[in-house]
Structure formats: C-alpha cells, structure tokens
Amino acid sequence: MSSECSSYLNADRVLVSGFSCPRVGGDARALYCCGFQDVKYCCDDPHSFFPYEHSYMWWLSIGALVGLSIAAVVLFAFIITVCVLCYLFISTKPRSKLDTGLNLQMADSETRGGSIC
C-alpha cells in the first residue's frame with residue numbers, strides 16, 4: 001500500500017515535486033502523506049494531513065502564549081492578594097494575651113513549712 005503526496009509550493013514559494021510514500025530509503029511504516037499544504041512528508045498516521053498552510057500553526061502558538069501569559073498574571077495577582085490579606089490579618093491581630101483570671105505564682109520554700117537543706 002502506498003500514498004501519493006502531490007506537488008506543492010513550500011513556504012519559500014518553491015515548487016516541490018510530488019512523491020510516493022513510503023519513500024525510498026525511508027521508514028517502511030510511513031505509508032501516508034502527512035503535513036500541510038506547504039509542508040508534506042510521509043508518516044504512519046492516515047489522519048495527519050491538514051488542508052491548511054503550516055504558518056497557521058504560528059497563530060495557534062501565539063494564541064497559546066497570550067493565554068498562558070494572562071493566566072500567569074492572574075495567578076501572580078492572586079498570590080499577591082493572598083499574601084497581603086495574610087499580612088493584614090496577622091498585623092491587625094490583638095497583641096495582648098487572653099486573661100484567664102488566675103494569677104499563678106511560685107510558692108516560696110519558707111511558706112511551705114520546711115527547708116530543703
């Protein structure tokens with residue numbers, strides 16, 4: 001079984017002649033024409049040909065970078081907000097200790113009725 005990759009214009013607008021898959025000297029499992037309209041190659045997945053130009057992948061990459069950048073800024077703002085709120089909570093906490101009403105003191109050895117020596 002073999003597949004035909006038709007001729008195409010690459011990204012530099014140079015005509016690349018068509019070829020059959022698998023290519024001579026290439027991987028014998030690469031039976032299918034894969035890639036894009038301007039970049040074609042042989043591979044083993046029959047569903048890996050996309051009828052778009054390869055340059056559209058750059059737009060997807062730029063979109064992913066913008067999305068990740070926005071997510072990073074939101075996460076950073078969230079972390080800063082949590083740190084500020086924790087600082088405010090700790091700094092506004094009352095400093096005095098809770099008064100239990102009991103005044104504990106050490107008992108003097110003379111008041112106990114005897115000496116240790």
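**Disulfides and their surroundings**

Counting the bonded cysteines along the chain, the disulfides of this protein follow the pattern 1-3, 2-5, 4-6. The model is a predicted one, and the count of disulfides in it comes to 3. For anyone new to the term, a disulfide is a covalent bond between the sulfur atoms of two cysteines.

Take C5 and C33 to begin with. Their sulfur atoms sit 1.9 Å apart, and the two residues form a disulfide. Since C5 belongs to strand β1 (residues 3-5) and C33 to strand β5, the pair ties together parts that are 28 residues apart in sequence. The torsion about this S-S bond is about 125°, so the C5 and C33 disulfide is right-handed. As for accessibility, both C5 and C33 are buried.

Next up is the bond from C21 to C42, with an S to S distance of 2.0 Å. Here C21 lies in strand β4 (residues 19-21) and C42 in strand β6, so parts that are 21 residues apart in sequence get tied together. With a torsion of about -80° around its S-S bond, the C21 and C42 disulfide is left-handed. C21 is buried, and C42 is buried too.

That leaves C34 and C43, joined by a disulfide at 1.6 Å from S to S. The torsion is about -55°, so the C34 and C43 bond is left-handed. Once again the cysteines are tucked away: C34 is buried, and so is C43.

Several of these cysteines turn up in a pair of strands. Strand β5 (residues 32-35) and strand β6 (residues 40-43) run antiparallel and are joined by 4 bridges.

A couple of other residues deserve a look. R13 is found in the loop between β2 (8-9) and β3 (15-16), and its relative accessible area of 55% makes R13 exposed. R13 and D38 are 25 residues apart in sequence, with 8.6 Å between their C-alpha atoms in space. As for rings, the structure holds 0 aromatic pairs, but the charged end of R23 does sit over the ring of F19, 3.8 Å from its centre.

Methods:
Residues numbered from 1 in each chain as written. Predicted model: local features only at pLDDT ≥ 70, side-chain atom pairs only at ≥ 80, totals over all residues. Heavy atoms only, no water. Helix = DSSP H or I, 4+ residues; strand = E, 2+ residues; numbered from the N terminus. Buried < 20%, exposed > 50% of the residue type's maximum accessible area, 1.4 Å probe, protein only. Pairing = 2+ DSSP bridges. Phe/Tyr/Trp six-rings, centres within 6.5 Å; stacked < 30°, edge-to-face > 60°. Lys NZ or Arg CZ within 6 Å of the ring centre and 35° of its normal. Disulfide = S-S within 2.5 Å.
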